[in-house]
Amino acid sequence: MHCAVEGDEIVGVYALLFAGADCELEHFWIAPSRIGKGVGRTLFAHAVDRCRAIGVRRLWINADPNAEGFYARMGARRVGEVPSTPAGRTLPRLERLTV
């Protein structure tokens, strides 16, 4: 898990799950007061750089539907949908190449 910190406050976190040549973005959270201020962009770039540094070619993301636009701006593309919990909705399945 990696954190974005401003002063003594954690303003964002992400966690990656490694699986061979691929990686899954398990968590990606930004403090609501920091949304739209570049924290997410910086933290996502760090995640992609981390994947690239260890040879991961593809980053998979099961996105909250409200966050799909953010991930698209970060270079991810929709490749399908996956079921969500609670049942009855789906999440966009995205991929971001790291090479």
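**Labels and cut-offs**

User: How much of the chain counts as buried?

Analyst: Of its 99 residues, 39% count as buried, a label that means under 20% relative accessible area with a 1.4 Å probe and protein chains only, while exposed means over 50% and partly exposed lies in between. Please keep in mind that this is a predicted model, where local features need pLDDT of at least 70, side-chain atom pairs count only at pLDDT 80 or more, and totals for chains, interfaces and linings use all residues. Residues are numbered from 1 along each chain as its sequence is written, and side-chain values use heavy atoms, with hydrogens and water left out.

User: Why does the radius of gyration agree with a compact globule?

Analyst: The rule, taken over C-alpha atoms, is 2.2 Å times the number of residues to the power 0.38. For 99 residues this puts a compact globule near 13 Å, and the chain has 13 Å, so the two agree. The C-alpha trace spans about 40 × 35 × 20 Å along its principal axes.

User: Which elements does the chain have, and in what order do they run?

Analyst: Helices (H or I, at least four residues) and strands (E, at least two) are DSSP runs numbered from the N terminus. The chain has two helices and six strands, in the order β-β-β-α-β-α-β-β.

User: What makes β2 and β3 a pair?

Analyst: Strands pair if DSSP finds at least two bridges between them. β2 and β3 have eight, in the antiparallel sense, so they qualify under that rule. Gly 12 stands opposite Ile 30 in β3. The two strands form a hairpin with two residues between them, and Gly 20 in the turn has a positive phi of about 65 degrees.

User: What joins β3 to β4?

Analyst: Four bridges join these parallel strands, and Asp 22 stands opposite Arg 58 in β4. β3, α1 and β4 make a right-handed β-α-β unit: with the strands pointing away from the viewer, the path from the first strand over the helix to the second runs clockwise.

User: What makes a set of residues a nonpolar core?

Analyst: Its members are buried Ala, Val, Leu, Ile, Met, Phe, Trp, Tyr and Cys residues joined through side-chain atoms within 4.5 Å. The largest such core has 24 residues, and Phe 28 and Phe 44 are among those that touch the most other members. α1 gives the most to this core, with six residues. Beyond its neighbours within four places in sequence, Phe 28 is in contact with residues including Val 13, Phe 44 and Tyr 71, where contact means heavy atoms within 4.5 Å.
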